[in-house]
Amino acid sequence: MLDARRIRTDAGMVKNSLLDRNADSGLVDKFLAADEKRRKNLAVSEEKKGLRNKASANVARMKKAGEDAAVIMEQTRALGDEIKVLDDELRDIEEEIQFILLHIPNVPHETVPVGKDEGANEEIRRWGEPREPGFLVKPHWEAGEALGVLDFERASKVTGARFTFYRGLGARLERALIAFMLDLHTLKHGYEELIPPFIVNQHSMTGTGQLPKFAEDSYRLEGSEGYYLVPTAEVPVTNFYREEILDAQRLPIYHCAYTPCFRSEAGAAGRDTRGLIRQHQFNKVELVKFALPENSYDELEALTANAEEVLKQLELPYRVVTLSTGDLGFSSAKTYDLEVWLPSAGMYREISSCSNFEDYQARRANIRFRREPKAKPEFVHTLNGSGVAIGRTTAAILENYQNADGSVTIPAALRPYMGGIDTIPAI
RNA sequence: GGAGAGAUGGCCGAGUUGGCUGAAGGCGGUCGCCUGCUAAGCGAUUAUACGGUGUCAAGCUGUAUCAUGGGUUCGAAUCCCAUUCUCUCCGCCA
């Protein structure tokens with residue numbers, strides 16, 4: 001969330017940034033009113049508490065001296081009742097403020113293009129040339145079913161829509177991609193691997209910004225109060241340091257993690273209903289960074305480059321896009337999307353999203369650092385990016401590496417992870 | 001799932017006949033002193049949040065915080081209730 005003081009002193013700027021995001025800028029005025037009320041109330045309440053503390057000390061002194069304190073005690077009792085009323089009001093006001101703060105999105109960075117939707121996104125570079133295969137490339141779900149490596153039909157019987165079985169070399173390919181990406185990031189890019197819980201509590205979901213506003217996007221477990229299936233490893237990995245104060249010397253901290261991701265995809269009805277693009281469960285390797293504020297934008301460039309390296313090594317053509325204010329995620333200050341080429345669709349599709357959240361998540365999750373042993377704690381900057389989405393990578397390979405006979409060549413970088421297998425043969 | 005024990009400052013650990021205890025003591029950290037040398041010793045210091053004041057700089061000041069949330073009381077780390085978590089034993093189990 002945003003710093004309350006920043007909203008107080010920079011209300012106009014925050015309002016404008018909300019407008020750029022198509023968000024409700026009225027939240028700012030609501031906040032200012034509640035904040036004003038809170039401080040007024042607080043001053044009165046604290047003054048009365050101060051009086052009560054003094055009176056109580058007097059009671060103690062008098063009793064020790066053997067005097068009768070009944071008069072003071074009676075007076076102070078009334079004071080206590082007044083304080084209780086004020087504090088009840090205060091609690092309501094603070095709840096309201098908290099609610100407002102949790103619903104105000106991050107302020108976009110000044111370099112983010114202003115625009116109302118994804119049409120205003122800016123492509124900043126491309127890598128690789130889409131092949132000209134000379135035949136009609138089958139969409140990956142047709143190719144995968146024909147090769148016997150994907151089974152959507154049985155998945156819908158066993159579970160429902162937007163699930164799949166990976167089978168045989170398909171399962172192996174998915175597993176190889178996970179191992180390949182984790183090795184790349186841990187051995188070459190310096191990330192420390194975590195295998196986190198795949199279930200998190202509501203505090204973690206709030207810390208990274210999934211709650212309270214986007215509850216319907218996640219799967220909540222019944223029976224266990226406030227437990228959610230992870231929608232992304234970002235949640236458990238970022239919350240790894242929740243409520244902690246880190247030494248500046250340890251920064252930046254890099255973590256990577258593989259998890260399955262579970263998303264209800266509410267609101268995506270009718271979109272990408274076929275194939276691996278939009279599943280309720282998908283695999284992903286995630287990169288997470290904790291950085292010094294002054295370095296976080298350099299770290300974002302480096303993080304994005306780390307994700308790009310995956311696609312380069314797999315030789316999958318892609319482009320990098322800066323999301324505009326209208327397309328930017330709720331918690332993010334700046335996001336680069338990596339979009340991989342999908343021949344069957346003849347277009348680039350998102351395969352990774354790399355964001356700098358600045359101190360927005362850190363403030364929610366209370367992740368701080370100290371520059372010096374006695375310095376005041378400051379909020380770290382958090383970043384994360386897909387490194388990259390596994391299912392969409394499998395889809396991209398099934399299409400970009402598809403041969404005329406329907407077989408699929410395994411990218412060279414992946415063969416060591418496939419036991420030397422270089423082709424998924426056509427049946 | 002059953003029975004029991006516990007949760008105090010960066011860490012360890014006092015404090016449960018309620019009253020200068022934000023909290024003894026120790027360790028660790030920082031600063032200074034001293035010592036003929038990376039040992040030891042001496043002194044000082046050592047939380048966070050939110051308000052007020054201030055050149056929203058230092059400082060000063062108020063309030064709150066002894067797992068969390070309520071309650072009792074003039075006053076609670078200390079009493080009561082609920083919740084969460086941890087540990088031990090039993091059961092179950094990959």
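Reply: What follows is a set of questions and answers on this predicted model.

Me: Why is I195 called exposed?

Reply: Its relative accessible area is 70%. Exposed means over 50%. The value of 70% passes that cut-off, so I195 is exposed. I195 sits in the loop between strand 4 (192-194) and strand 5 (199-201).

Me: What makes E94 and R38 a salt bridge?

Reply: Their closest N and O atoms are 2.9 Å apart. The cut-off is 4 Å, between a side-chain nitrogen of Lys or Arg and a carboxyl oxygen of Asp or Glu. The distance of 2.9 Å is within 4 Å, so the pair counts. This pair links distant parts of the chain: E94 is in helix 4 (residues 70-103) and R38 in helix 3 (residues 26-64), 56 residues apart.

Me: Why are E94 and R38 called partly exposed?

Reply: E94 has a relative accessible area of 34%, and R38 has 22%. Partly exposed lies between the buried limit, under 20%, and the exposed limit, over 50%. Therefore E94 is partly exposed, and so is R38.

Me: Where else are there salt bridges?

Reply: The whole structure holds 27 salt bridges. One of them joins R363 and D359, at 2.6 Å from N to O. R363 and D359 are both buried. Another joins D3 and R5, with the closest N and O atoms 4.0 Å apart. R8, D35, E36, R39 and K40 are linked in a network of salt bridges.

Me: Are D3 and R5 buried or exposed?

Reply: D3 is at 22%, partly exposed. R5 is at 56%. Exposed means over 50%, so R5 is exposed.

Me: What lines the second largest pocket?

Reply: D3, R5 and R363 are among the lining residues, as are M1, L101 and F379. The lining divides into 5 nonpolar, 1 polar and 4 charged residues. The pocket has a volume of about 240 Å³.

Me: How do you know that helix 12 is mostly covered?

Reply: Count its buried residues. In helix 12 (residues 390-400), 11 of 11 are buried. Buried means under 20% relative accessible area. Among the buried residues are I390, R392, E399 and N400.

Terms used: Residues numbered from 1 in each chain as written. Chains lettered and ligands numbered in written order. Predicted model: local features only at pLDDT ≥ 70, side-chain atom pairs only at ≥ 80, totals over all residues. Heavy atoms only, no water. Helix = DSSP H or I, 4+ residues; strand = E, 2+ residues; numbered from the N terminus. Buried < 20%, exposed > 50% of the residue type's maximum accessible area, 1.4 Å probe, protein only. 1 Å grid on protein atoms, 1.4 Å probe; cavity = no way out; pocket = protein on both sides within 12 Å on 5 of 7 lines; lining within 4 Å. Points joined across faces, edges and corners; volume = space filled by probe spheres on them. Nonpolar A, V, L, I, M, F, W, Y, C, P; charged D, E, K, R; others polar.
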